[in-house]
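Subject: A structure for you to look through

Dear colleague,

I am handing over a structure that I have been reading through, and I would be glad if you kept it open beside this message. My notes follow below it.

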Amino acid sequence: MKRLDYVDTLKGIGILLMLMGHVPFGANFDYYIHAFHMPLFFFISGFLIKIDKNMSIDNILKRKFKSLIIPYISFGIAHYLVWFIKDYDLDNAMNMLKNVLFSNSIDMPIAGAL
């Protein structure tokens, strides 16, 4: 299959924006750069998706659930257990679980990798 130059260009722009997002240019810059540099990668990946014509939407959703949601929840729970054993804060336990699964807060920085 032939490579698409404009897709490679978009990926390059996304990589540069991602790098710039990790350099402290200031809060305003961070706000705007983070608003679209990662969604750009999602857009590109959706653009490049190959779906078998014989596959139903049900099968696609099941496959995506197995490959994305199950690892997400597994890693989140494993990370939560490490935090719980390390800090053992019963008063904050439910809030931390919510943060791992939904908001990836600063309180549990590795959860941002989710």
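Does S45 count as buried, partly exposed or exposed? S45 counts as partly exposed because its relative accessibility is 43%, where buried means under 20% relative accessible area, exposed means over 50%, and partly exposed lies in between, with a 1.4 Å probe and protein chains only.

Before going further, please keep in mind that this is a predicted model, in which local features need pLDDT of at least 70 and side-chain atom pairs count only at pLDDT 80 or more, while totals for chains, interfaces and linings use all residues. Residues are numbered from 1 along each chain as its sequence is written, and side-chain values use heavy atoms, with hydrogens and water left out.

To begin with the overall picture, the protein has four helices and zero strands, giving the pattern α-α-α-α when it is read along the sequence; helices (H or I, at least four residues) and strands (E, at least two) are DSSP runs, numbered from the N terminus. Of its 114 residues, 18% count as buried. The accessible surface comes to about 9,000 Å², and 69% of this belongs to carbon and sulfur atoms, the areas coming from the Shrake-Rupley method with a 1.4 Å probe, where for residues only the protein chains shown count as cover. If we take the contacts (heavy atoms within 4.5 Å) between residues at least 6 apart in sequence, 44% of them join residues at least 24 apart.

Helix 2 covers residues 27-47, and its 21 residues reach 31 Å from the first C-alpha to the last, close to the 30 Å expected at 1.5 Å a residue; the expected span is 1.5 Å times one less than the number of residues. This helix bends by about 30 degrees at I33, the bend being the angle between axes fitted to the seven residues ending at a residue and the seven starting there. An α-helix has 3.6 residues a turn, so residues three or four places apart point the same way.

S45 lies in helix 2, and although S45 and V7 are 38 residues apart in sequence, their C-alpha atoms are 9.9 Å apart in space. P39 lies in helix 2 as well and counts as partly exposed, at 40% relative accessibility; P39 and G14 are 25 residues apart in sequence and 9.2 Å apart, C-alpha to C-alpha.

What of helix 3, whose 31 residues should span 45 Å at 1.5 Å a residue? Its end C-alpha atoms are 43 Å apart, which agrees, and there is a kink of about 40 degrees centred on F65. The buried residues of helix 3 are I60, G76, H79, Y80, W83 and F84. Just after this helix, Y88 takes a positive phi of about 40 degrees.

Leaving aside neighbours within four places in sequence, F84 is in contact with L90 and A93.

Finally, a search of the whole structure finds two aromatic pairs. Rings of Phe, Tyr and Trp (its six-membered ring) pair if their centres lie within 6.5 Å, and planes under 30 degrees apart count as stacked, over 60 as edge-to-face and the rest as tilted. F25 and F29 form an edge-to-face pair, with 4.8 Å centre to centre and 75 degrees between the planes. Y31 and Y32 also form an edge-to-face pair, at 5.1 Å and 85 degrees, and both Y31 and Y32 are exposed.
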